[in-house]
Amino acid sequence: MKWFIIITLLIGSFNIHANTSTPRETFRTFLKAMVKVKDKKGNETENYQTAISTLDLSHLDSAVRFDVGIKRTQQLINTLDKIKRVEYAEIPENPDGPIWYFDRRQFADDFLEISVIKKENQWLFSKATLDSLNLYKKALAGKKVAAGVKRLTRFADKVRSQASEFWLKTPLYYENWQVAGILLILLIAFIVEKIAKFVITLILNHSSKIVKASSTDKLAHAVNPLAKIIFVFVAMKLFVLLDFNTGTIAVINRVLLIAMSLMTVWFAHQVIQFFSAYFEHKADKTDTKFDDILVPLLTKTAFVIIYLLGGLLVANSLTIDVTGIVAGLGIGGLAFAFAAKDTLANFFGSIMLVLDRPFDIGDVIIAGDIEGTVTEVGFRSTRVRTFE
């Protein structure tokens with residue numbers, strides 16, 4: 001699931017089989033990809049990604065670029081299909097300026113355009129084009145697609161064509177069928193979550209010796225966040241079908257992405273606690289005290305690593321530029337080392353205590369004026385219970 005989130009954050013930054021070297025090639029790349037979507041040929045996600053790569057979405061955050069891009073490609077193809085059948089020969093390969101217009105018109109008090117703009121070495125459908133698509137829908141309302149062009153039929157189009165007038169009303173800003181769809185998706189995601197939780201628990205109980213020897217409550221605590229991640233994932237995939245506007249799509253994706261990031265950190269925390277409890281139980285049964293020291297130390301190390309990585313993941317989901325944070329860790333790490341040299345010295349001292357083992361938990365030691373029994377060896381200190 002961690003890799004899914006990373007891929008989701010990066011998706012939209014790669015051009016898959018996309019030739020955008022000229023206006024003609026940009027149109028060709030976009031239209032061929034969308035024809036495959038219409039005909040349900042090949043991988044739909046890859047086809048959409050190819051079409052999205054012809055759009056100028058640089059103003060959008062990469063985390064929401066893919067889902068918003070799908071909406072924009074659907075709007076663009078529907079608009080082009082209604083304007084006219086595209087002939088590649090009519091589209092220039094080397095236009096005179098950095099922008100070429102396929103269509104320009106006025107609707108009410110607004111000026112609409114379908115254009116491609118040169119950005120570096122690419123020709124992309126401009127942001128002005130994408131901003132015009134909602135008004136193009138109104139301007140071309142009632143007009144059929146051009147002769148010889150196959151219409152893109154989406155799930156939302158099928159619902160609207162078969163729904164009664166009641167379901168198409170918008171008393172709550174969204175159409176009634178969309179509001180009902182939200183409730184239905186949440187119900188479906190909830191059912192999938194419960195089924196997934198039951199199946200995962202069943203599989204682990206019958207296939208893992210560690211799980212069989214562990215507490216049922218601790219296993220439930222570890223599986224709960226994983227089930228919640230599945231809930232969010234299912235909801236995220238199904239919300240796309242409701243044909244929300246791009247602003248709503250961006251907000252929903254952002255909220256769900258933040259939720260998934262937090263739940264991933266929660267899941268990692270619970271997994272560490274689960275294994276820590278298991279190995280602590282095993283350590284209690286051994287005669288040596290070495291593992292009594294090692295298990296808590298490794299557990300704390302794992303927690304620190306998870307919290308650092310989780311912090312970056314959550315920060316990224318909040319649109320904070322983590323690349324700058326990571327880049328600054330070099331200089332910041334050096335400054336931190338000077339500021340926390342005593343803490344670092346204690347940390348490495350703890351490592352040496354574990355490796356050299358001059359004493360174990362339960363031993364009586366004398367350190368300066370302190371005499372007592374060792375109860376814990378931690379990162380920063382060793383705890384000693386004095387006789388007083």
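A salt bridge, as the term is used here, is a side-chain nitrogen of Lys or Arg within 4 Å of a carboxyl oxygen of Asp or Glu. Asp 103 and Arg 105 make one of these with their side chains, at 3.0 Å from N to O. Before going further, a word on what you're looking at: this is a predicted model, where local features need pLDDT of at least 70 and side-chain atom pairs count only at pLDDT 80 or more, while totals for chains, interfaces and linings use all residues. Residues are numbered from 1 along each chain as its sequence is written, and side-chain values use heavy atoms, with hydrogens and water left out.

**The chain as a whole**

Let's start with the big picture. The chain has 14 helices and six strands; these are DSSP runs, with helices (H or I) of at least four residues and strands (E) of at least two, numbered from the N terminus. Of its 388 residues, 39% count as buried. Buried here means under 20% relative accessible area, exposed means over 50%, and partly exposed is in between (1.4 Å probe, protein chains only). As for contacts (heavy atoms within 4.5 Å), take those with a separation of 6 or more: residues 24 or more positions apart account for 62% of them.

**The core**

In soluble globular proteins, nonpolar side chains tend to be buried together. A nonpolar core is a set of buried Ala, Val, Leu, Ile, Met, Phe, Trp, Tyr and Cys residues joined through side-chain atoms within 4.5 Å. The largest one in this model has 53 residues, and Phe 27, Phe 30 and Ile 114 have the most contacts inside it. Helix α4 (residues 62–83) gives the most to this core, with eight residues.

Thr 79 and Ile 114 are 35 residues apart along the chain, and their C-alpha atoms are separated by 9.1 Å. With neighbours up to four places away set aside, Thr 79 also touches Leu 133, Tyr 136 and Leu 140.

**How the helices pack**

Two packed helices are described by the angle between their axes and the distance between the axes. Axes are lines fitted to C-alpha atoms, for helices over the stretch in contact, and angles run from 0 to 180 degrees between N-to-C directions. Under 35 degrees counts as roughly parallel, over 145 as roughly antiparallel, 65 to 115 as roughly perpendicular, and the rest as oblique.

The axes of α2 and helix α3 (residues 44–52) come within 8 Å and cross at roughly 155 degrees. That makes α2 roughly antiparallel to α3. Residues that meet here include Phe 30, Ala 33 and Val 37 in α2, and Asn 47, Tyr 48 and Ala 51 in α3.

What about α2 and α4? Their axes come within 11 Å and cross at roughly 100 degrees, so the two are roughly perpendicular to each other. Among the residues making the contact are Phe 27, Phe 30 and Lys 38 of α2, and Leu 76, Leu 80 and Asp 81 of α4.

**Charged pairs**

Side chains of opposite charge can pair when their charged atoms come close. The structure holds 15 salt bridges, and three of them are listed here.

| Pair | N to O distance |
|---|---|
| Asp 81 and Lys 38 | 2.7 Å |
| Asp 103 and Arg 105 | 3.0 Å |
| Asp 131 and Lys 127 | 2.9 Å |

Which helices does the Asp 81 and Lys 38 bridge connect? Asp 81 lies in helix α4 and Lys 38 in helix α2 (residues 23–39), so the pair ties together parts that are 43 residues apart in sequence. Both of these residues are buried.

In the opening pair, Asp 103 counts as buried at 12% relative accessibility, while Arg 105 is partly exposed at 28%.

Asp 131 and Lys 127 both lie in helix α5 (residues 127–139), four residues apart, or about one turn of the helix. Asp 131 is partly exposed, with a relative accessible area of 43%, and Lys 127 is partly exposed too, at 36%. Elsewhere, salt bridges that share partners join Lys 71, Arg 154, Asp 157, Arg 160, Glu 175 and Asp 243 into one network.

Gln 178 is found in helix α8 (residues 176–207) and counts as buried, at 4% relative accessibility.
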